[in-house]
Every structure is written in structure tokens, then in C-alpha cells.
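Hi everyone, thanks for coming. I have one structure to walk you through today, so please get the viewer ready.

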Amino acid sequence: MIHTLPWYIAGPLMGLVVPALLLLGNKQFGISANLRHICAACFPAGISFFQYDWKKERWNLLFVAGILLGAALVSQHEPILPAAFSTPRGIALLGLGGFLVGFGTRYAGGCTSGHSIMGLSTLQWPSLVATIMFMVGGVLMVNFLLPLMM
Amino acid sequence: MMKYLVTGMFFGIILVKAQVVSWFQIQEMFKFQRFHMYGIIGSAVAVGMISVALIKRFNIKTVQGENVIITPKKFHKGQIFGGLIFGLGWGLTGACPGPIFAQIGSGEYIVLVVLAGAIAGTWTYGYFRDKLPH
């Protein structure tokens with residue numbers, strides 16, 4: 001843990017992504033929207049929610065490609081997940097958790113970046129409601145449900 | 001377009017360097033054992049808020065010379081139900097959508113399962129959207 005960037009440096013730097021995207025091209029910070037763009041590009045299946053010009057949102061797909069590349073550059077080779085997730089049961093739990101992340105963020109209209117950082121930065125009260133519910137869900141899972149599952 | 005790739009790289013580097021990608025870190029946050037994640041999100045919001053206030057106050061234009069437009073977010077029940085569902089998934093996997101990509105970039109390839117689940121979850125939401133309370 002000795003190499004961890006302290007919160008008071010990491011947080012403000014992350015906050016700067018909000019004005020950076022606005023000033024670089026009027027783009028709103030929000031990562032989970034990319035999951036929708038991936039569905040629209042690869043599996044639209046005639047569903048109206050996926051019928052839109054996803055190519056206009058290529059900037060955001062490039063943004064997540066950047067996250068992947070940036071992470072690869074500085075990868076610290078420290079364990080990110082506990083070994084318990086490499087069992088078949090653990091992998092099933094990861095798939096289930098991912099499903100909840102994808103379903104929940106789209107239903108809520110955003111995730112930690114779109115609601116908690118972008119939404120709160122622009123004083124949107126629905127984003128405060130969403131952020132409180134993210135916390136409620138996380139606290140319930142970690143303290144009460146996860147001990148029963150793992 | 002490459003400027004967005006570079007901004008994403010900047011974000012990804014911080015996610016890794018500040019250990020936001022760590023499942024253990026998210027567990028400690030939801031158990032209220034460590035201030036780190038609250039400090040990160042809180043100070044990110046503070047800087048975002050001040051930046052947006054300055055952009056509005058001084059009518060700062062984009063690099064293309066346009067006015068900055070912020071689309072308001074409308075309230076609907078999804079922020080309650082969907083927010084809760086996402087929170088459960090975040091607590092379980094230790095990953096919100098940004099860190100999913102950073103974890104995969106870090107070489108934790110098992111997280112591809114989380115990404116596949118997240119895409120499937122998004123698709124399922126799209127499929128049932130009209131039947132869900134909003």
C-alpha cells in the first residue's frame with residue numbers, strides 16, 4: 001500500500017476530468033453509458049433503447065479505451081481481487097455482480113462518474129438520490145449479503 | 001478524438017495509482033473502515049463543482065468556442081431502484097464501470113466476466129425498460 005496515491009491528490013485530479021471533458025468538446029463525464037453504446041453497436045436486437053446513432057458517442061468509447069490503456073501502463077501487479085473469485089463459484093458471483101452493475105446503472109441513468117461526480121458537480125438533486133442509493137446497496141451487500149455468499 | 005483517449009488514460013492511471021481498482025478498497029469503504037475512497041469521491045466532487053461554477057461564472061467557452069451546455073438530469077424511480085441494484089453489484093464485484101476497464105487494463109482478465117455481465121445487464125434493462133417503473 002506504500003505506493004498508493006493519497007486521496008487529496010487523486011480526488012482533485014479526477015474532479016478535473018469534469019471541466020476537461022466540458023471544455024474539450026461539451027462532453028458530459030459518464031462511463032456506464034458506454035455499456036449502452038456497446039449494446040447499440042453489437043446487439044441492438046430491434047430494441048428501441050438501442051436504436052440511436054452510437055457512433056456519435058465514439059468519444060466516450062475512446063475515453064474508456066484510454067482508461068484501459070492508462071491502467072495497463074501503470075499496472076502495479078498487486079492483487080485486485082481476492083483468490084476466492086477464481087473458483088467457479090467466484091466467477092459466477094462476478095458475472096452476477098456485473099449484471100447488477102450493468103442493469104442498475106442504466107436503470108439509474110448513470111454510475112459513480114455520471115451521477116456521483118458529474119451529477120453532484122453540476123448540483124443535480126436526482127444524482128444525490130442515486131448516490132445515496134448506491135451507498136445503501138453497497139453497504140447492504142458488503143455487510144449483510146456478501147458474508148452469506150462467500 | 002484522440003484528446004478523449006488521452007483524458008481517459010489520465011483517469012485510468014489515477015484509478016490504478018490510487019487503488020480505486022482494488023476490491024479490498026471498496027470493501028473497506030462500505031464497511032466504513034477507511035476514509036480513502038470517501039476522500040477521493042468527496043474531493044473530486046468539490047473540484048468538479050468549483051470548476052463548473054467557474055465555467056458558468058466567467059462564461060468560459062469550449063476549445064471550439066461554444067457555450068458549455070450541461071443537460072439537467074430528470075428524476076425518476078430508476079435512480080432509487082436502479083441505484084440500489086447498482087450498489088449491490090458494486091459491493092459484490094468491487095467495480096463500478098470505470099474501474100472495470102482499469103482492472104482489465106491492469107491484467108486482471110477475470111474481470112472480463114464482470115464486463116460481460118454488465119453488458120448483459122444493460123441489454124436486459126433495455127429489453128424490459130417499458131415494463132419497469134420509472
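Predicted model: local features only at pLDDT ≥ 70, side-chain atom pairs only at ≥ 80, totals over all residues.

Let's begin with chain A. The C-alpha atoms of chain A fill a box of roughly 45 × 45 × 35 Å along the principal axes. Of its 150 residues, 51% count as buried. If you take the contacts in chain A with a separation of 6 or more, residues 24 or more positions apart account for 52% of them.

Now chain B. Here we have six helices and, again, zero strands. The box for the C-alpha atoms of chain B is roughly 45 × 40 × 35 Å, taken along the principal axes. Chain B has 134 residues, and buried ones make up 54% of them. For contacts in chain B between residues at least 6 apart in sequence, 44% join residues at least 24 apart.

On to the place where the chains meet.

Let's zoom in on H1(A). Its buried residues are A:Trp7, A:Ala10, A:Gly11, A:Leu13, A:Met14 and A:Gly15. They pack against H2 and H6 of chain A, together with H1 and helix H3 (36–57) of chain B. Please click on A:Met14. Leaving out residues up to four places away in sequence, A:Met14 touches A:Ile117, B:Phe11, B:Ile14, B:Ile40 and B:Ala44. A:Met14 also turns up in the largest nonpolar core, which has 84 residues. Along with B:Leu15 and B:Ile40, A:Met14 is listed there among the residues with the most contacts inside that core.

Next, a helix pair across the two chains. The axes of H2(A) and H1(B) come within 11 Å and cross at roughly 180 degrees. That angle is why H2(A) is described as roughly antiparallel to H1(B). In this pair, A:Val17, A:Ala20, A:Leu21 and A:Leu24 from H2(A) meet B:Lys3, B:Thr7 and B:Phe11 from H1(B). The residues of this contact divide into five nonpolar, one polar and one charged.

Last stop: helix H5 of chain B, residues 97–105. Is this helix mostly covered or mostly open? Mostly covered: nine of its nine residues are buried. Among them are B:Pro97, B:Phe101 and B:Ile104. And what covers the buried residues of H5(B)? From chain A, the cover includes helix H3 (33–42), helix H4 (58–74), helix H5 (88–108) and helix H6 (112–121). From chain B, it includes helix H1 (2–17) and helix H6 (112–128). After H5(B) comes B:Gly107, with a positive phi near 100 degrees.

That's my tour, and I'm happy to take questions.

Technical notes. Residues numbered from 1 in each chain as written. Chains lettered and ligands numbered in written order. Buried ≥ 20, exposed ≤ 12 C-beta atoms within 10 Å, placed from the backbone. Helix = DSSP H or I, 4+ residues; strand = E, 2+ residues; numbered from the N terminus. Contact = placed C-beta atoms within 7 Å. Core = buried A, V, L, I, M, F, W, Y, C linked by C-beta atoms within 7 Å. Axes fitted to C-alpha atoms, helices over the stretch in contact; angles between N-to-C directions. Parallel < 35°, antiparallel > 145°, perpendicular 65-115°, else oblique. Nonpolar A, V, L, I, M, F, W, Y, C, P; charged D, E, K, R; others polar.
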